[in-house]
Amino acid sequence: MRDQAEALRHMVLSRDSDDAKQTRILTVTSGKGGVGKSNFSLNFALALQKRGHSVLLFDADIGMGNIDVLLGTPAAYNLFHLLKRDKSIWEIIQEGPGGLRFIAGGSGFKDLIRLSDEELEYFASEIAKLYGEVDYVLFDTGAGLSKETLRFIEAADETIVVTTPEPTSITDAYALMKMVKTMGQEAEFRLVVNRVGDNREGLQTSDNIRQVARTYLSLEIPLLGFVPDDAHVSKAVKKQTALSYLYPDCPASKGIDGIAAEYLNESRKTSVQTNIKGFLQRVRKLWS
Ligand SMILES: Nc1ncnc2c1ncn2[C@@H]1O[C@H](COP(=O)(O)OP(=O)(O)OP(=O)(O)O)[C@@H](O)[C@H]1O
Ligand SMILES: [Mg+2]
């Protein structure tokens with residue numbers, strides 16, 4: 001087998017230049033399932049694109065993916081073909097409405113997949129090829145802290161934790177951050193509160209989580225914003241069309257758009273190291 005690590009080293013030498021496009025990895029996750037990660041990820045990706053940033057939306061809910069369903073764009077190839085080394089990264093990238101590039105997670109093979117070290121290494125080296133091709137790689141993970149999800153969190157420059165105001169969702173979000181911290185992993189968490197009744201509820205929820213994380217985990221979690229509880233989300237899911245296309249002015253679309261603006265504003269201030277060396281170090285965490 002060709003030495004993937006050697007191939008990555010080669011890439012660093014050939015593609016590290018100051019004016020190359022830098023690629024940042026963002027992971028969207030949650031403690032509890034069904035809190036709105038996939039809808040948020042899709043519309044957040046579109047909001048970033050609308051603001052001039054190219055995004056590859058990556059359905060990292062391995063074997064249970066549904067980004068292609070949300071977009072109403074059946075995917076010929078998906079993550080399965082990449083993990084099994086049947087296809088290259090370029091062959092599994094699909095184009096959705098509005099030119100959004102995405103990789104489908106595939107469905108119905110969660111129990112079948114046992115990745116060998118070689119497969120994982122191939123996977124990471126294919127992801128590494130994305131450097132300089134897009135501004136953001138956005139991983140939409142499955143619920144809970146699986147081994148795979150932990151890898152996507154470790155590999156991310158920033159991890160957006162989505163919660164709702166429900167106490168079960170809040171405690172699970174906290175538990176997820178605690179587990180990551182207890183395992184000694186470094187993660188830059190950001191908070192999004194989805195399905196808020198009003199801003200007061202959003203603030204109460206975020207104050208609660210941020211205070212507990214500060215006190216017990218010594219973590220300062222910046223708040224990106226709130227998304228209102230909005231019946232348009234379910235309507236868009238049923239129509240298999242992205243919310244922000246179908247209802248660009250509905251409260252949830254506006255909430256997500258505001259979060260994209262806040263995110264871009266914050267990340268300009270923090271200038272995370274996203275050169276190719278940093279990127280490859282992150283990508284390596286997908287298999288090491
Ligand atoms: N802001 C919102 N307002 C109203 N309903 C919402 C909102 N966000 C999500 N939903 C509802 O929650 C459902 C689940 O959303 P979604 O599939 O995005 O969750 P998820 O966190 O990705 O789930 P999983 O953990 O299974 O991956 C949606 O189909 C929609 O009906
Ligand atoms: Mg999902």
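Here is a short chat about how some labels for this predicted model were reached.

Author: Ground rules: in this predicted model local features need pLDDT of at least 70 and side-chain atom pairs count only at pLDDT 80 or more, while totals for chains, interfaces and linings use all residues. Residues are numbered from 1 along each chain as its sequence is written, chains are lettered from A and ligands numbered from 1 in the order in which they are written, and side-chain values use heavy atoms, with hydrogens and water left out.

Reader: Why is Glu 158 called buried?

Author: Its relative accessible area is 2%, and buried means under 20% (exposed is over 50%, partly exposed in between; 1.4 Å probe, protein chains only). So Glu 158 counts as buried. It sits in strand 6, residues 158–163; strands are DSSP runs of E with at least two residues, and helices are runs of H or I with at least four, numbered from the N terminus.

Reader: What makes the pair of Glu 158 and Arg 24 a polar contact?

Author: Their side chains come to 3.0 Å. The cut-off is a pair of N or O atoms within 3.5 Å; within protein, one must be able to donate a hydrogen and the other to accept it, and residues adjacent in sequence count only if both atoms are side-chain atoms.

Reader: And ligand 1, what does the protein put up against it?

Author: A backbone N or O atom of Gly 34 is 2.9 Å from a ligand oxygen. For Asn 194, a polar side-chain atom lies 2.9 Å from a nitrogen of ligand 1, and a side-chain N or O atom of Asp 229 is 3.5 Å from a ligand nitrogen. Alone, ligand 1 exposes 640 Å², and the protein buries 80% of that (Shrake-Rupley areas, 1.4 Å probe).

Reader: Why is helix 6 described as largely enclosed?

Author: Ten of its twelve residues are buried, so the rest of the structure largely encloses helix 6. Among them are Glu 119, Tyr 122, Phe 123 and Glu 126.
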